[in-house]
Amino acid sequence: MTSISDNIKRILTTIQQLSPKNPVTLLAVSKTQTSQTILEAYRTGQRNFGENYLQEAISKINDCQKTDIIWHFIGSIQSNKTKTIADNFAWVHSVDRLKIATRLNQHRAGQPPLNICLQINIDNEPTKSGLLIEEVDWVIQQCKTLENIQLRGLMCIPKAGNENVSFKKMQALFAQYPEFDTLSMGMSGDLETAIKHGSNIVRVGRAIFGKRTNTIFKE
Ligand SMILES: *Cc1c(COP(=O)(O)O)cnc(C)c1O
C-alpha cells in the first residue's frame with residue numbers, strides 16, 4: 001500500500017514532467033476523508049484542499065483552524081448556502097449560474113475578494129450543471145461588476161470517455177479570455193490529458209487518498 005505522502009510526491013513529479021515551465025496547482029480533493037487524513041497530507045506540504053459537501057467541510061475547516069490550508073469549494077451550490085461558502089472558503093470552482101455569483105458577492109462584503117471559477121457544461125450534458133458555452137460571455141461581463149469576487153477562470157467536469165475533446169474545447173474557450181489565469185480541470189483518471197490541454201489546477205481525490213470507502217460524512 002502506498003502512503004498519502006508517496007501518492008502526493010508521485011503526482012507532483014508527474015505534473016512537473018508534463019508542465020516543466022508553467023506551474024500547475026495540485027488541489028487535494030478531501031471529500032469523505034477525515035480531518036486526521038487531511039492533516040496527514042498537510043504535513044507533507046500539501047496546502048490546497050477541495051471539498052464538495054458543505055456541512056462536512058465546515059467541520060473539517062474548524063478542526064484545521066491552526067493550519068494555513070487554502071480551502072476550495074468544488075461541489076454543487078444551493079443558493080441558501082452561499083453565505084456559509086463565502087465565509088469559509090478562499091476559492092469556489094463550481095459557480096454555475098449568475099445568481100450564485102451575485103449572492104457570493106453579497107455575502108463576501110468586507111472580506112478579501114473570493115476567487116471564483118465558472119463551471120462550464122462543456123459537453124452540453126442535460127444531467128450536469130454548468131454554463132453552456134453560449135452563456136459564458138454574458139455571465140463574465142456581469143461578474144466583472146461584482147467587487148467582492150475575483151473571476152479567475154473556468155472549470156469543467158468532462159463527459160466520461162470524451163476527455164480529450166472536452167479539454168480541447170475548454171482550452172480554446174479559456175484562450176478567449178486572456179484576463180483569466182485559472183483553468184481547473186483534470187481529476188485522478190484524466191489529469192495528464194488535462195495538463196496537456198493547459199489545465200493549471202488539477203482536482204485529485206482517489207489518486208491521493210485511495211478509493212472513497214469512507215462514508216462517515218453524509219449530507
Ligand atoms: C470528487 C471530485 C474530484 C476528484 O475526483 P477523483 O476521481 O477522486 O480524483 C474532482 N472534482 C470534482 C468536482 C469532484 O466532485
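This is a predicted model: local features need pLDDT of at least 70, side-chain atom pairs count only at pLDDT 80 or more; totals for chains, interfaces and linings use all residues.
In strand β5, the bridge partner of V92 is I116. Strand β5 covers residues 114-120, and three bridges pair it with β4 in the parallel sense. To get from β4 to β5 the chain passes through helix α5, residues 98-107, in a right-handed β-α-β crossover.

Now the other neighbour of β4. Strand β3 is joined to β4 by two bridges, and these two strands run parallel. Here V92 in β4 is the bridge partner of F73. So far, then, V92 has been named with I116 in β5 and with F73. Together, β3, α4 and β4 form a β-α-β unit that is right-handed.

How many of the five residues of β4 are buried? The count is five of five for this strand, which spans residues 91-95.

Next, strand β1, residues 25-29. Four of its five residues are buried, so the strand is mostly covered by the cut-off of under 20% relative accessible area. Which strands does β1 pair with? One is β8, residues 201-204, which runs parallel to β1 and is joined to it by four bridges. Another is β2, residues 48-51, paired with β1 in the parallel sense over two bridges.

On to the helices. In helix α3, residues 54-63, the buried residues are L54, E56, A57, I58, K60 and I61. What covers them? The cover includes α2, β2, β3 (70-73) and α4 (82-88).

Helix α7, residues 163-175, contains Q171. Is Q171 buried or partly exposed? Its relative accessibility is 30%, so Q171 counts as partly exposed. Leaving out residues up to four places away in sequence, Q171 touches L183, K196, H197 and G198. Q171 and L154 are 17 residues apart along the chain, and their C-alpha atoms are separated by 9.6 Å.

As background, in soluble globular proteins nonpolar side chains tend to be buried together.

What does I120 touch? Not counting residues up to four places away in sequence, the contacts of I120 are G130, L131, I133, V136, L154, M155, C156, M170 and L173.

That list includes C156, which brings me to the cysteines. How many disulfides does the structure hold? The number is zero. C117 is in no disulfide, and the nearest cysteine sulfur, that of C156, is 11 Å away. A disulfide is a covalent bond between the sulfur atoms of two cysteines. C117 has 0% relative accessibility and therefore counts as buried. C64 is at 2% relative accessibility, so C64 counts as buried too.

Methods: Residues are numbered from 1 along each chain as its sequence is written. Side-chain values use heavy atoms; hydrogens and water are left out. Buried means under 20% relative accessible area, exposed over 50%, partly exposed in between (1.4 Å probe, protein chains only). Two strands pair if DSSP finds at least two bridges between them. A disulfide is a pair of cysteine sulfur atoms within 2.5 Å. Contact means heavy atoms within 4.5 Å. A crossover is right-handed if, with the strands pointing away from the viewer, the path from the first strand over the helix to the second runs clockwise.
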